[in-house]
Amino acid sequence: MQLRQKAKTIELALQGGGAHGAFTWGVLDRLLEDARLDIVGISGTSAGAMNAVVLADGLCRDGSAGAREALQTFWRAVSRQAQFSPVGQSPLDILFGPWSQGANPAHLMVDLWSRMMSPYAMNPLNLNPLRDLLAAQIDFERLRSSELPKLFITATNVRTGKPKVFRRADLSADAIMASACLPLVFQAVEIDGEAYWDGGYMGNPSLFPLVDESDARDLIIVQIDPIRQQAVPRTARDILERLNEITFNASLISDVRAITMLKKLIEVEDLDRKRYKDMRLHRIHAEQELEPLGATSKLSAQWRFLKKLHDIGWQATDAWLETNFCHLGRRTTVDIAAVYL
């Protein structure tokens with residue numbers, strides 16, 4: 001009788017990126033299909049935080065099948081809500097796209113207002129349908145009482161400017177919305193007397209909670225925002241988009257550099273590897289497919305677009321597993337020097 005191969009344990013670091021988080025949905029869908037993998041820790045920010053808690057709640061309910069179903073249900077619900085948004089694609093967007101929102105008069109007006117008016121004035125009732133969607137779909141009480149996978153959700157403390165990592169015992173719909181709170185669009189999320197903005201400013205996503213508090217040594221970064229851009233931006237919009245990409249990648253680059261320095265220290269000083277974790281880093285991305293979509297497409301939640309992003313994520317992960325599954329548990333597969341240093 002042939003014995004079943006023991007699953008390889010992995011940790012996931014999930015970036016934010018608005019509707020482009022559907023790419024991460026595709027990545028997770030493919031990983032969950034593979035019975036050779038066991039996800040034991042997840043760090044997520046913004047859309048990555050939403051994917052993380054939806055996945056974890058589905059696992060608690062019905063294992064990998066439950067997680068895959070929960071992710072699809074969540075992204076379908078996001079798409080249904082978007083049908084009522086005035087910030088959709090105009091005929092010009094469709095003509096000059098793909099999936100851009102840049103020529104939509106409603107989008108242009110909201111974008112202008114957000115630079116001139118506070119969200120406290122634009123949305124005094126602090127309405128956010130996405131929070132209601134999360135609260136309805138996720139059983140946070142059950143999620144807080146379960147053990148695996150370990151969850152780390154990052155937000156930015158408005159007053160201190162430091163990252164705040166919410167662990168499983170602290171998770172709530174408010175904590176997830178804090179991680180996704182863009183300060184020009186939403187009022188700061190108040191939790192226990194502290195105000196929080198989007199976690200992408202200080203940890204997109206945070207890697208060190210996975211290094212310090214999870215047992216796996218294979219950490220897969222699911223990256224949405226491109227590190228490199230070939231063209232130098234020249235229009236005001238392109239400059240702002242590139243500035244945001246650099247800003248939201250800065251903390252990730254810093255964390256990878258620190259982990260790399262720790263790895264070198266382990267090797268040079270011959271430290272006890274049972275005490276000092278020698279992390280193996282991996283990266284799943286689709287820069288060539290996502291970069292041309294533009295930043296405004298992160299607001300496009302049409303089901304065809306979300307499904308397209310899902311399929312891109314699925315295919316990228318399938319190709320990554322074909323090449324790199326054999327290296328899990330053995331070595332780092334991302335060229336850290338070329339990508340991050």
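Visitor: In which loop is Pro149 found?

Guide: In this predicted model, Pro149 is found in the loop between α7 (140–145) and β3 (150–157).

Visitor: What kind of peptide bond joins Leu148 and Pro149?

Guide: Leu148 and Pro149 are joined by a cis peptide bond, for which omega is about -5°. The peptide bond from Asn204 to Pro205 is also cis, with omega near -10°. Pro205 lies in the loop between β6 (194–198) and α9 (208–213).

Visitor: How many helices and strands make up the secondary structure of the protein?

Guide: The secondary structure comes to 13 helices and eight strands. The protein has 341 residues, and 50% of them count as buried.

Visitor: What makes Asp192 buried or exposed?

Guide: The cut-off for an exposed residue is a relative accessible area over 50%. Asp192 has a relative accessible area of 79%, so Asp192 is exposed. Asp192 also has a positive phi, near 50°, and is a residue other than glycine. Its place is in the loop between β5 (189–191) and β6.

Visitor: How do you know that Arg68 forms a salt bridge with Asp29?

Guide: The rule asks for a side-chain nitrogen of Lys or Arg within 4 Å of a carboxyl oxygen of Asp or Glu. In the pair Arg68 and Asp29, the closest N and O atoms are 2.6 Å apart, and the pair therefore meets the rule. The two residues belong to distant parts of the chain: Arg68 is in helix α2 (residues 47–82) and Asp29 is in helix α1, 39 residues apart.

Visitor: What makes the contact of Arg36 and Asp34 a salt bridge?

Guide: The side chains of Arg36 and Asp34 meet at 2.7 Å, N to O. The limit is 4 Å, so the pair is a salt bridge. Arg36 has a relative accessibility of 34%, and therefore counts as partly exposed. Asp34 has a relative accessible area of 7%, and so is buried.

Visitor: Where do Arg242 and Glu245 lie?

Guide: Both lie in helix α10, three residues apart, which is about one turn of the helix.

Visitor: Which residues lie nearest the centre of the second largest pocket?

Guide: Gln229, Asp238, Glu241, Glu245 and Glu291 lie nearest the centre, among 17 residues that line the pocket. Helix α10 (residues 236–269) gives the most to this lining, with four residues. The lining residues divide into seven nonpolar, three polar and seven charged. About 310 Å³ of space lies in this pocket.

Visitor: In which helix of the protein is confidence lowest, and in which is it highest?

Guide: Confidence is lowest in helix α3 (residues 91–96), with a mean of 42, and highest in helix α1 (residues 21–33), at 98. Over residues 89–96, pLDDT stays under 50. For these residues the model has 17 contacts beyond four places in sequence. Where pLDDT is low, predicted coordinates should not be read in detail. For the protein as a whole, pLDDT averages 87, and 87% of the residues score at least 70.

Visitor: What share of the contacts between residues at least 6 apart in sequence join residues at least 24 apart?

Guide: Of those contacts in the protein, 76% join residues at least 24 apart.

Technical notes. Residues are numbered from 1 along each chain as its sequence is written. This is a predicted model: local features need pLDDT of at least 70, side-chain atom pairs count only at pLDDT 80 or more; totals for chains, interfaces and linings use all residues. Side-chain values use heavy atoms; hydrogens and water are left out. On a 1 Å grid over the protein atoms alone, a cavity is a set of points where a 1.4 Å probe fits but cannot get out, and a pocket is an open set with protein on both sides within 12 Å along at least five of seven lines; lining residues have an atom within 4 Å of a point. Grid points are joined across faces, edges and corners, and a volume is the space filled by probe spheres set on the points. Ala, Val, Leu, Ile, Met, Phe, Trp, Tyr, Cys and Pro count as nonpolar, Asp, Glu, Lys and Arg as charged, and the others, Gly among them, as polar. pLDDT is the predictor's confidence in each residue, from 0 to 100. Contact means heavy atoms within 4.5 Å. Buried means under 20% relative accessible area, exposed over 50%, partly exposed in between (1.4 Å probe, protein chains only).
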